[in-house]
Amino acid sequence: MSSSVVSLRNSRGHAVHCILEEPAAGAAGARFAALLLCSGVKTRVAPHRLYRKLAGPFLARGIPVLRVDFAGLGDSEGEWPDTSLDAIYGLTERGHCVDDVRSAFDWLEARRGIRRFIAGGLCGAAVTALHVATRDPRLAALYAIGLPATYLGSGAKPELTSHELRLHRMRYLRKLLAPSAWLRFLSMKSDYRLMLRMAGEALRLRKPAKAAPGAAAGGAARDLNPYVPLGLFAMLASGCPALVMFGEDDPLRYGFEERFMQAHGSALEQHKALFSYAVVAGANHILGEPGAVSEANRLTALWLDALLAEKPASSVLGWSLPARGAPRRRSPAA
Amino acid sequence: MSETPFFFELGDERLYGVHHRPAGCSDGPPRRGVVLCHALAEEKLWSHRVYVSLARELAREGFAVLRFDCRGEGDSDRDFEDATLASRVEDALRAAAVLLEREPGLRRCIFLGHRLGAAVAARAARQAPQLAEALIAWDPLESGSVYLMQWLRSALASQMVATGRAPNRALLVKALEEGRTVPVDGYGVTPRLYRELAELHWAPLVQAAPCPVLAIEGACEPPFWRQTQRMHMRAPAMTERSLQWLRAGVQ
């Protein structure tokens, strides 16, 4: 394996600096290249250098990996119009960085002769890849970890997911023995609406059998980022597979399951051969726990083997629609 | 000005660096050279863009700059768990040598470090006084053990907010003292790094510095090395104070 610096130009003329990792046999002639994109603002290595660790299964299968610093991030040239995190996440949510990805496709096509690409990465990287899916037919597959499904662009506070309600409930339960909490309760300053919702959710969670898989998820589904179904179904409809992984303890998992999977259950069922969904046991959003990356790489290897063999990934990564309020699920067995 | 990202070697390992050259270098050597030593782990990532801007501003002022990733960080070789404070000092010294190789008109360089990078820069200057023209420390860690406790507390608080549960900090410290590596923000903090941090104090490092020192407290800037509401692209106060000091001519 070798790694080298790639400096390419995006359409605005900014130098976009990337690291290209190539398999021992080189990248020329590879069927696919993988692009791991900036996750939020954490540069092309991602939190705790996650992308270096995730490259292994791709390289082992002869797939070169390009780690990309978007313009205005990492080492690349350019600026963001607004540097508040909300603004950066909002712009990413609306596809601000698509041009840089397409410029990277162009570079790989011109310099390595590769015409099909697997793109994605952690969090906002996966959102950007979904935007690419609607604009560039060279995207062959989506590789997503911790994909945010909540739309922040409206500026309104999104509905809480069942997970968030559960966290609030735990917090309130801990306060039951605190006199100051009771004083606050009586002062009319407490969030009584939230308390009612928590109570309602708690009662409903005790009856999971009545929750119909695939049923629309109610309030939470209204806050779905429209680009998630748009990009994902565009890919699936054109025969491109997608792998979406979450850490079990990633709060965004509940947003994805409740806002997207439950609301689009029947459509997803139709694409079950192409859509792979997996949860990494005991892991957080950034796969920071010991063993989480190994498990993610094991799942990725299964998915890549199916992709390269042109077999449905569902044969190795089966999944079922999450029932409302189901708190725990484990990775597919080894 | 030009920016050249490249890999350089240290033994059989490679380090990633970016060489910033001022404009007009064909007319002669740059004013001076500066080696930037970065902070640790996620603090490095959050402050990355500030370092990019600093390097560009220094280059505009006529300085040649090498910013680089220590082994175990960024795009350089080695796992984080295998990197130590000592290896980071070795990396800084190699980076200084590489800058001087690429800028043959220079004989010495200024070490500038941020947070843990300030200690790295100070130790590098002490180990190679013939290379060190000056030392600039941005928000140096007064005490490595206090720093580690704050890092653990912050990571555990984030974990508690996200999942509603987190281990006890005392248990993590006990594990480190018993020789076990503990995960913090996805990084494996090893017993060796723990011991190195426990022994780290800024005051004796300054006293032993073989060159002029400028230390700038972090309070003059928002904490751009941590997650805040904003992605900080520059550290204007620290940058200006550093430039003023350098413009005045370090003796």
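## Basis and confidence

Residues are numbered from 1 along each chain as its sequence is written, and chains are lettered from A, with ligands numbered from 1, in the order in which they are written. In this predicted model, local features need pLDDT of at least 70 and side-chain atom pairs count only at pLDDT 80 or more, whereas totals for chains, interfaces and linings use all residues.

A contact requires C-beta atoms, placed from the backbone, to lie within 7 Å.

## Helix packing in chain A

Helices (H or I, at least four residues) and strands (E, at least two) are DSSP runs, numbered from the N terminus. The axes of helix H4 (residues 98–112) and helix H5 (residues 124–135) of chain A come within 9 Å and cross at roughly 70°. Axes are lines fitted to C-alpha atoms, for helices over the stretch in contact, and angles run from 0 to 180 degrees between N-to-C directions. H4(A) is therefore roughly perpendicular to H5(A) (65 to 115 degrees; under 35 is roughly parallel, over 145 roughly antiparallel and the rest oblique).

A:Val98, A:Val101 and A:Arg102 of H4(A) meet A:Thr128, A:His131, A:Val132 and A:Arg135 of H5(A). These residues comprise three nonpolar, two polar and two charged. Ala, Val, Leu, Ile, Met, Phe, Trp, Tyr, Cys and Pro count as nonpolar, Asp, Glu, Lys and Arg as charged, and the others, Gly among them, as polar.

B:Gly144, B:Ser145, B:Tyr147 and B:Leu148 in H5(B) meet B:Tyr194, B:Leu197 and B:Ala198 in H7(B). Five of the residues in this contact are nonpolar, two are polar and none is charged.

An automatic or database assignment gives chain B domain 1 (2–142 + 201–247) and domain 2 (143–200). Ten residues of domain 1 are in contact with 13 residues of domain 2.

## Contact between the chains

Chain B contributes 22 residues to the contact and chain A 27. On the chain B side, strand S1 (2–10), helix H1 (41–46), helix H2 (48–60) and H5 each give two or more residues. S1(B) gives the most, with three residues. This side divides into twelve nonpolar, six polar and four charged residues.

Conventions
Two residues are in contact if their C-beta atoms, placed from the backbone, lie within 7 Å.
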